[in-house]
Every structure is written in C-alpha cells, then in structure tokens.
Amino acid sequence: MPPSAFLHLKGITKNFDGTQALKEVDFMAEAGEVHAIVGENGAGKSTLMKILAGALQPDVGVLLLEGKSIQPKSPQYAFRLGIRTVYQEFSLAPHLSVTENILLGQMPTGRFKWWVDWQQAYGRANELLESIGFKGVNVRSTISSLSVSHQQMVEIAKAVAQKPRILILDEPSAVLSQDELKQLFALIHRLKQESTLVLYISHRLDEVFEIADRITVLKDGETVGTVLPSATSENQLIKMMVGRPLEAIYPQRKKLPGKSILDVNSLNKVDIFSDVSFTVADGEILGMFGLVGSGRTEVARCIFAADTPDSGTIKIDSRTVHLKSPCDAVRTNMAMLTEDRKRDGLVMQCSICDNAGLATMRLVSRWSYLLRGQQKKLVQSKVQELSIRPADISRKVRELSGGNQQKVVLAKWLLSNAKLIILDEPTRGVDVATKVEIYHLIGELADAGAAIILISSELPEILGLSDRILVMREGRLAGEFDGVQADEESLLACAAGINV
Ligand SMILES: Nc1ncnc2c1ncn2[C@@H]1O[C@H](COP(=O)(O)OP(=O)(O)OP(=O)(O)O)[C@@H](O)[C@H]1O
Ligand SMILES: [Mg+2]
C-alpha cells in the first residue's frame, strides 16, 4: 500500500441552497510541496479551501491530515492544527494598527496583564516583517491607511507569524507588485524547506508554472486532474480548466483614435504626484503602467473627482471642468472601475441587479421613477454577455465567487454608456477565459468611440491592449511608448528608473 498523503480531502461535497459548489472532490497534497489549485471563476477553489480552514462545513466528505481524520468545525480549530489562510477577501481589522493585526491575541504585556508593552510589540512586528523579507510596511500605521498591496503583505505576515503546517494562499498575488511578488515567492521557498504545505490559488498561470510543484484543476465543482508543470503546457492547462482551447486573446482593433476627449494639464497633488499631463482620444486605449505606489490610481481618482488635485486643469471635450464628486463625473459620462471592489465598487448585501444597475439609474429613470423592468432587462443582458454565474440577477453579490464579483463591477460600468472609461486593474481575480472576454469587450468599447484609460500591473495585458502606454514612476510621468513597439523589458526598466 502506498504511504498515505500528508493531506487528503476525500469525497468533499458542498451545496449552497441550490448551487452545488463541490461534487465529491478528491484532493491530495504532500508536506513541503507548493500545490496550485486552478479553475474558472466559481469552480469551487475558495469553497474547498474554506472547508479545510474550518470556515465552512462540508455536506459530505472526510478530511485526513497525516492519515488521521480531522473535522475543522471552526477557524479556531483549524488554526490550532496549524492551518493558516490568506483569504481572497481581506480579513484584517481596518482600524487597528499593523502591529495589532499581526500580533492579534498575542500582544506582549508589561508587568500587569492589561498593560500592552507597545515598544516590544512594534519591535516584534518589525522583526517578523524583516525576517520574512517584507520591506516598506510601517508597523505603526492603521490598516485602513495602507495601500491594498501592503494590506496583503500584512495579511500574509500574520498567517506565517507562527510556522504553519498548511498555508492557504487564495489569490495572494492579485494586488502585489512585481517586487512584492518576488518577496512572496522567496518566502514560499523558505516555507517549503521547513516542510509547510503551501496551497496556492491564482488565475495568473505564469505564476502557477513558476512556483508550483503540482497543479490540481477544478471545474464546476469537480476535480479534473492533477498535473506536473514540467510535463504540461499552458494551453493544455487552459483546456483542462475551460474545457476548450482559447482563441485570439487580444482583440483586433477596427478604429483609429480620433479627437481628444480628455486633456489633463500639469495635474499636481502634493506629495502624491506632480506635473502630470496627457490626453486620451475617442477610440483610444491608453495604458498606464507603473509599480504599485507610482501614483497611477491617485491620478485616476483625481480625474474621476474621487479626490481633489491641488493644481492643474482637466478638460473634457475641450472644455475645462471643475468636477466636485464622482456623481459629477458620472454626469459628464465618465466611468471608473476601481481596484478595490469591496471598498468602492460593490454593496455586498445587495443583489447583482441593484449593484450593476447603480450607474444606469439616469438612463432608466423617468421623472424620478425607476423603470425597474427596463433596468432588469439591461442588467440581465450584460450578465449573459460577461457570463456571470449564477446568472440569477436577484442573487446577493456576497454569495458570488470573487471573480464573478469583479464581473458585476465591470457590468455596472459597461452599462453606463460612458464616453471616458477608467479601468483600474479590470481583470484582477478573473479567470483566463473571462479575461479574454473582457479584453474583447474593452476593444469593442474603444471601437464604439469610448476613450479608455487602462491601469494594469499585468504587462502582457497592457502591451496586448494599449494603443499608447504611459509609464509612471514616483508620482511623475517617466515615459511614453507606442503600444505596438513597446516591450516588457523597456516598460519595466522605465517604471523602475533603470536605463537600458
Ligand atoms: N456563501 C455562498 N452562498 C451561496 N453560494 C455560494 C457561496 N459561496 C460560494 N457560492 C457559490 O459556490 C460556487 C463556488 O464558489 P467559489 O467561491 O468556491 O469559486 P472560486 O473557484 O473560488 O472562484 P473565483 O476564481 O471567482 O474566486 C460559486 O457558484 C458560488 O457562487
Ligand atoms: Mg475564489
């Protein structure tokens, strides 16, 4: 008999009233291995991990750890078994400091139990961050003041504060910069040597091929198979995930850019960015690349009036505008898809229809009455187009898988008929097949005459879609490239300030 696996999930089945998320899933993994789990949005990856982490109970199935049956009835129970999870949705306490979050429940106390020794606490949090190679996070800051990428680093630091036996990373990289990803991969290598089993979920297949020892594919709640990256091509893996090979990834564009729609001149925001000037024309996709923290999102927020610049002018259709709020921006036919869907994009406890319909209010309301039927029809058609699952628009957004939530945000803005569309990381957490659909939709929007600003940290996406690419570095425009002639190396070098 072969020796039993370190971790064996056997016959796991899970239903959510009506949705069968997992059907008799079998999964085996070894200690000291990086085991990637891939599959389309809604395939059941997060559900399976939540069952292992005690956040959900299976309807049927057995969990074996080193041959012994375990029943993680609660996250605390799984924690005691040495199972740590970094969830797709952040679970940090936003109003507490980095230190308090990392050391939660183990804050060092002074002579009296109720007296926190802050000096020691800051020191320990710092030490931990340094020992795992995460730099640049201030341990005294409150979580809510940090960028999403730094929040993610803290989340990971918290999970490895005591050596885990199993570390679950559910799309850890979606918000990380290239540099931070390197730091994470170095940490994963170290954990492997210390015999931790790392379960790694990602939609970025290049990462999966780089870091995984084995890859398990889930599709519609069932295991398709487990493969070795060295013996599998990216196309073979995609076929296992999607059930068919993918056609042209990037759209063929039909329209040349026309007249300028947005004209930004010497935009400044003290300490954040300065002297930013550029234009975007109708039918143009303008890519904005830069390392996380380079100021791209902040510039976009000022254009969308979610923030106020300190000086500079913004012209729309050659007229100077002074927008006071995102509502004003929406009124001038602008739309913005934000990088943090939970904070700015979605009302989790509302339905798909209410969320996706938010930006269409103006289109479907007459004399202040909302034409509900019309709104539903519009939303339903977009839900189909983006293959949002479940396609039932009365479902609450919080019940959707992460990638499907992202698609709802996208549907909302696609429905607004905007002329100027700012997309900040539009394919974050979205599976490969849907990414391709979104790329084609972006192409169609531009061909229909919209001006598009595309902010993305995924280089292939920027290069594949943009007509023109601006690179930002430390709050300034560092370079401009032609979309056809640019290559990965020169963009990265420009973003990092290295001459090649
Ligand atoms: N709390 C819930 N209530 C109802 N349905 C749910 C709930 N959580 C998940 N589901 C459904 O279960 C299925 C699997 O979801 P899951 O989140 O595991 O997918 P995933 O593979 O992690 O997808 P993604 O790549 O988008 O994160 C989906 O159809 C989802 O809508
Ligand atoms: Mg998920």
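Two residues are in contact here when heavy atoms of each lie within 4.5 Å. The model is predicted. The protein is divided into domain 1, residues 7-242, and domain 2, residues 260-496.

**How the two domains meet**

- The C-alpha centres of domain 1 and domain 2 are 29 Å apart. Domain 1 puts 24 residues into the contact, and domain 2 puts in 22 residues.
- About 1,900 Å² is buried between domain 1 and domain 2. Carbon and sulfur atoms account for 50% of that area.
- On the domain 1 side, Asn41, His203 and Arg204 lose the most area to domain 2. Together these three make up 28% of what that side buries.
- Between domain 1 and domain 2 there are 2 salt bridges.
- Arg204 also forms a salt bridge with Glu458. The closest N and O atoms of that pair are 3.5 Å apart.
- Helix 5 (148-159) and helix 8 (234-242) are the elements that give two or more residues to the side of domain 1 touching domain 2. Helix 8 gives the most, with 3 residues.

**Gln152 in helix 5**

- Gln152 sits in helix 5. Its relative accessible area is 3%, and therefore Gln152 counts as buried, the cut-off being under 20%.
- A polar atom of the Gln152 side chain lies 2.9 Å from the backbone oxygen of Pro172.
- Beyond its neighbours within four places in sequence, Gln152 is in contact with Val86, Phe90, Glu171, Pro172, Val175 and Leu176.

- Leu246 belongs to the loop between helix 8 and strand 11 (260-269).
- Leu246 is partly exposed, because its relative accessibility is 24% and that class runs between 20% and 50%.
- Not counting residues up to four places away in sequence, Leu246 touches Ile238, Val432, Ala433 and Val436.
- Leu246 and Val436 are 190 residues apart along the chain, yet their C-alpha atoms are separated by 8.3 Å.

**Val264 in strand 11**

- Val264 lies in strand 11. Val264 is buried, because its relative accessibility of 2% falls under the 20% cut-off.
- Leaving out neighbours within four places in sequence, Val264 is in contact with Val276, Ser277, Phe278, Ile303 and Thr313.
- Asp275 is 11 residues from Val264 in sequence. The C-alpha atoms of Val264 and Asp275 are 9.7 Å apart.

**Two covered helices**

- Helix 1 covers residues 45-52. Of its 8 residues, 7 are buried, so helix 1 is largely enclosed by the rest of the structure.
- The buried residues of helix 1 are Lys45, Ser46, Thr47, Leu48, Met49, Ile51 and Leu52.
- Gly54 follows helix 1 and has a positive phi, near 75°.
- Helix 15 covers residues 402-414 and has 13 residues. Helix 15 is mostly covered, with 13 of its 13 residues buried.
- From first C-alpha to last, helix 15 reaches 19 Å. That is close to the 18 Å expected at 1.5 Å a residue.

Definitions and conventions: Residues are numbered from 1 along each chain as its sequence is written. Chains are lettered from A and ligands numbered from 1 in the order in which they are written. This is a predicted model: local features need pLDDT of at least 70, side-chain atom pairs count only at pLDDT 80 or more; totals for chains, interfaces and linings use all residues. Side-chain values use heavy atoms; hydrogens and water are left out. Helices (H or I, at least four residues) and strands (E, at least two) are DSSP runs, numbered from the N terminus. The expected span of a helix is 1.5 Å times one less than its number of residues. Buried means under 20% relative accessible area, exposed over 50%, partly exposed in between (1.4 Å probe, protein chains only). Domain bounds come from an automatic or database domain assignment. Buried area is the accessible area (1.4 Å probe) that two parts lose on being put together, summed over both. A salt bridge is a side-chain nitrogen of Lys or Arg within 4 Å of a carboxyl oxygen of Asp or Glu. A polar contact is a pair of N or O atoms within 3.5 Å; within protein, one must be able to donate a hydrogen and the other to accept it, and residues adjacent in sequence count only if both atoms are side-chain atoms.
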